[in-house]
Amino acid sequence: MANQIAVLRLLIQAAPAYCSGDWLAQQLAISRTAIWKLVQGLQAAGHTIESRHGRGYRYVANNQLSAPAIEYGLETLPPFKVTVLPTVDSTNAYLRRLVTKMPLTLPTVVVADTQTAGYGRSGREFYSPSQTGIYMSIGLPINSQNVLDAGLLTTSTAVVVAQTLQQLFDVHVSLKWVNDVLVNQYKVVGILSEGITSLETGQISAVIIGIGINLTTTVFPTMLAHKAGSVVSNKTSVTRNQVIRELLRRFFDGYPTYRSGNFMAAYRQLSMVINQQVELRSGAQIYRGVVTDIDARGALVVRLETDQVRHFSSGEITKVNLLTGGYHG
């Protein structure tokens, strides 16, 4: 497996040029026959590797998830680990089990082709079919030098995802507080942050940010069909690896300074709820009013029906009445 990944990495780095079997064999100190078998294995796993007599092998980007393809071009970022799985119950749950066994020393990214038990807020199921979505979690170690600000980390992640989709696709992206990402007024992304508490110190030792993206998913269970959508409904040349790579580049570029809130202007621009009438659940209470702002800490500022102005740092908008458009979820 290590040699197979090494061949894939060399082909990705050389693409779109061909690599001869002799050159690949020399790089890994193995035979040309071994290279041929490794390439066959990569092709069987779903990677597009073209071969041409006299020229060798060439990697062609496709939708098959690959850690080397995700990592390519991110070498200048601070170090982090990437694990790609064909299937998992939940990428968040997988990382949580990992952290329980051994504390994180480096940021760790887990990506899966499909989830059998993906979940969102309040344990709601997150539909995760194979090939058409991106299901990933970012695990971040937390310590005394790296204090967690959950509100700003969640809102900054929402901006990162929205800007990634805007850059790679010709779509209109908006945010429903706190972290629902919408395209054409349908929810296409869910983001869920979970803190992991150390039993020894009682302090948060890691945070896991789960990101689920309906990239090209067009068929949903009946209970989701009225509010869930896809980023793009037609075929796209942009691969899942490209989306993940750009998302991680933006995330890790901004992570060292996210506590400054320097992205909040972008968040407000993307917000679909400012100046809108909303219904908000916070704790056991339901509040109704007009959103007047998102404050510097990411809290929702609402002028309630009583004319009182309150800042909500947690909660969920359960209904938005837009003056225009078709979203009423």
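**Entry: strand β4**

I started with β4, where 8 of the 8 residues are buried, so the strand is largely enclosed by the rest of the structure. For me, buried means under 20% relative accessible area, exposed means over 50%, and partly exposed is in between (1.4 Å probe, protein chains only). Helices (H or I, at least four residues) and strands (E, at least two) are DSSP runs, numbered from the N terminus.

Housekeeping before I go on: this is a predicted model, so local features need pLDDT of at least 70 and side-chain atom pairs count only at pLDDT 80 or more, while totals for chains, interfaces and linings use all residues. Residues are numbered from 1 along each chain as its sequence is written, and side-chain values use heavy atoms, with hydrogens and water left out.

Which way do β3 and β4 run relative to one another, parallel or antiparallel? I find them parallel, joined by 7 bridges; two strands count as paired if DSSP finds at least two bridges between them. I noted one partner: V88 bridges to Q115 in β4.

Next I looked up S137, which sits in strand β5 (residues 133–141). S137 is buried, with a relative accessible area of 0%.

What does the side chain of S137 meet? I get a polar contact of 2.6 Å with the side chain of T91, and another of 2.5 Å with the side chain of N92. A polar contact here is a pair of N or O atoms within 3.5 Å; within protein, one must be able to donate a hydrogen and the other to accept it, and residues adjacent in sequence count only if both atoms are side-chain atoms.

Leaving out residues up to four places away in sequence, S137 also touches others, including L95, T108, V109, V110 and I208. Contact means heavy atoms within 4.5 Å.

T91 and N92 took me to helix α5 (residues 91–101), whose buried residues are T91, N92, A93, L95 and V99. The buried residues of α5 pack against β3 (81–88), β4 (108–115), β5, β8 (186–197) and β9 (204–214). I also checked the N-terminal end of α5: S90 caps it, with a side-chain oxygen 3.2 Å from the backbone nitrogen of N92.

**Entry: nonpolar cores**

Which residues have the most contacts inside the largest nonpolar core? I find M136, W177, L248 and L300, in a core of 69 residues. Helix α6 (residues 150–168) gives the most to this core, with 8 residues. Apart from it lies another core, of 18 residues, among them A6, V39, Y57 and A69. The rule for a core: buried Ala, Val, Leu, Ile, Met, Phe, Trp, Tyr and Cys residues joined through side-chain atoms within 4.5 Å.

Leaving aside neighbours within four places in sequence, L248 is in contact with I70, L74, L77, F80, V109, M136 and I138.

**Entry: aromatic pairs**

I count rings of Phe, Tyr and Trp (its six-membered ring) as a pair if their centres lie within 6.5 Å; planes under 30 degrees apart are stacked, over 60 edge-to-face, and the rest tilted. By this rule there are 7 aromatic pairs. One of them joins F251 and F252 edge-to-face, at 5.2 Å centre to centre and 90 degrees between the planes. F251 is buried at 3% relative accessible area, and F252 is buried at 6%. Ring pairs link F80, F251, F252, Y255 and Y258 into a cluster.

**Entry: salt bridges**

My rule is a side-chain nitrogen of Lys or Arg within 4 Å of a carboxyl oxygen of Asp or Glu, and the count comes to 17.

How far apart are the closest N and O atoms of R250 and E246? I get 3.0 Å for this salt bridge. R250 and E246 are 4 residues apart in helix α7 (residues 240–254), so about one helical turn separates them. R250 is partly exposed at 23%, whereas E246 is buried at 10%.

R249 and D253 form a salt bridge too, 3.2 Å from N to O, and they also lie 4 residues apart in α7. R249 is partly exposed at 30%, as is D253 at 45%. Salt bridges link E246, R249, R250 and D253 in a network.

D307 is exposed at 52%, and R303 is partly exposed at 39%.
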